[in-house]
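Subject: Structure handover

Hello,

Here is the structure you asked for. Please open it alongside this email, and then read on for what turned up.

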Amino acid sequence: MSKIVTRFAPSPTGYLHIGGLRTALFNYLYARANGGKFLLRIEDTDLARNSIDAKEAILQAFAWVGMDYDGEVVYQSQRFSLYQEYIDRLLKEGKAYYCYMQKEELDKNRKEAEAKGQVWKYDNRYRDFTDTPPAGVKPVVRIKAPTEGEICFLDGVKGEIRIAAKELDDFIIARSDGTPTYNFVVTIDDALMGVTDVIRGDDHLSNTPKQIILYQALSFVIPRFYHVPMILNPQGQKLSKRDGAMSVMEYKTLGFLPQALLNFLVRLGWSHKDQEIFSMQEMLDFFNPNSLNSAPSAYNKEKLLWLNAHYLHKLDCKQINTLLPFYGAEIPNQRAQEILYPEIKERSKTLLEFVEILKTCLTSVVTYDEKMLQKVKNEENIHLLKEFMIYLQSLKTPFENVQEAEQEIATFADFQGIKAKSFFMSLRFALLGSPGGVGIAPLMSALGAEVVIERIKQALEILSKSDS
């Protein structure tokens, strides 16, 4: 078996979405697991619609998820002269020809066929044309497709595919302005780059017979094909942005970890026994394109969040600190990290949620929730907060760990003749300004006595203003 070479070939007319990243992942795993090559090609021949930002986003996405590729990135826009060489070769060998049929006539014939309920296809009128070409017409170049028999290939996902030659026409390989068409450049590039296996979405299935015709016309080795069903939304429809069809880098912005996203994507169309969580090494160990599912996969946001929470909980302080600047969060002191990070991780499914809770804990200006303020605002709670502040000020050795903070709350509650839990809401309001968040004792320990006292003072001012 020859060395496996796969490729990912996105078009930079839009940002890389997760469906594209899944395709790239499948190609990457197959090549890397077998000691082969994984290539990256940017299909930027549509000069009018190309986006520089989209090109950059593709490379950024690869860097973010940690998927490397072999060699330099290949840009189709830099290979037009190469494509022209092969067009000239096919014309010279009589395997392609100039077609002078104008677009207006093509459109008219197509509409007439559609009106009759017929499938239109080009009638090959210039296939064997030897007369004088019509003046002033810039011709396209068409390939001479077979007129009888079948185009057959074995798809690694869908099985044997057979297309009757009569269903195909002499399709265009170069437009009237000389630019080559998609199927032509893909075939040339895959062949010259030595691609042995093409794993792509099944929306490309209809392109494969045309590409095989070109492989045969140019005496190129035909690669193995795997056409993967699309990712659908939970209702079985095409995935929209609302369902999750965002650009890959938007997932980073929303606080998802690359290892969670890759784990999520690899399970959309592939499985290994009942395993749900895969490290990259496990993906490499187990992945095989021949075990890709032939049925479409459904996007499940809750599962993605569950996976993200799993990987988030495994991050240590150092790993989290490298991620915080992207989300505009400052790195707290060592004590706050050790106490708060485990607490916040347990309450977060995304890095964005983690950062929001962390900022709430460490903010210099507490924002007070109006509904909570109304619940807390009474003489008893104000009295308890005042007494607790005095109690903290009297401590000779302020709490240095979570256990000491818990003990001080319990001691104060006993002294006041109340249950500690009955005091938690007003204390949480004073420290955080809102319900939820981390535990009170860990927060007090992380903030330190001075900050806790200052926050209680601020809360008492808010409560007294609200009360007047």
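There are 24 salt bridges in this structure. Please keep in mind that the model is predicted. A few of the pairs are worth a look.

Start with aspartate 107. Its salt-bridge partner is lysine 103, with 2.8 Å between the closest N and O atoms. Both residues belong to helix H4, which covers residues 103-115. They sit four residues apart, which is about one turn of the helix. Aspartate 107 is partly exposed, at a relative accessible area of 26%. Lysine 103 is exposed, at 56%.

**Arginine 162 and glutamate 160**

Next, find arginine 162. Its side chain forms a salt bridge with that of glutamate 160, at 3.3 Å from N to O. Arginine 162 is partly exposed, with 47% relative accessibility. Glutamate 160 reaches 53%, so it counts as exposed, the cut-off being over 50%.

**Between two strands**

Now go to aspartate 197. It meets arginine 224 in a salt bridge, with an N to O distance of 2.7 Å. Aspartate 197 is in strand S9 (residues 197-201), while arginine 224 is in strand S10 (residues 224-228). The pair therefore ties together parts that lie 27 residues apart in sequence. Is aspartate 197 buried or exposed? It is buried, at 0% relative accessibility. Arginine 224 is partly exposed, at 34%.

**A network**

Some salt bridges share partners. In this way Arg7, Arg41, Glu43, Arg79, Asp189 and Asp190 are joined into one network.

**The sheet**

Look at the strands next. Which order do the three strands of the open sheet follow? The order is S1-S2-S3, and the pairing is parallel. Strand S1 (5-8) and strand S3 (74-75) are at the edges. Each has a single partner strand, so one side of each has no neighbour in the sheet. In general, strands of a sheet pair through backbone hydrogen bonds.

Strand S2 spans residues 37-42 and pairs with S3 over two bridges, in the parallel sense. Arginine 41 stands opposite valine 74, which is in S3. Arg41 is also one of the residues in the salt-bridge network.

**The helix across it**

Finally, find helix H1, residues 18-33. Helix H1 lies across S1 and S2. It runs at about 165° to S1.

Best wishes

Notes
Residues are numbered from 1 along each chain as its sequence is written. This is a predicted model: local features need pLDDT of at least 70, side-chain atom pairs count only at pLDDT 80 or more; totals for chains, interfaces and linings use all residues. Side-chain values use heavy atoms; hydrogens and water are left out. A salt bridge is a side-chain nitrogen of Lys or Arg within 4 Å of a carboxyl oxygen of Asp or Glu. Buried means under 20% relative accessible area, exposed over 50%, partly exposed in between (1.4 Å probe, protein chains only). Two strands pair if DSSP finds at least two bridges between them. Contact means heavy atoms within 4.5 Å. Axes are lines fitted to C-alpha atoms, for helices over the stretch in contact, and angles run from 0 to 180 degrees between N-to-C directions.
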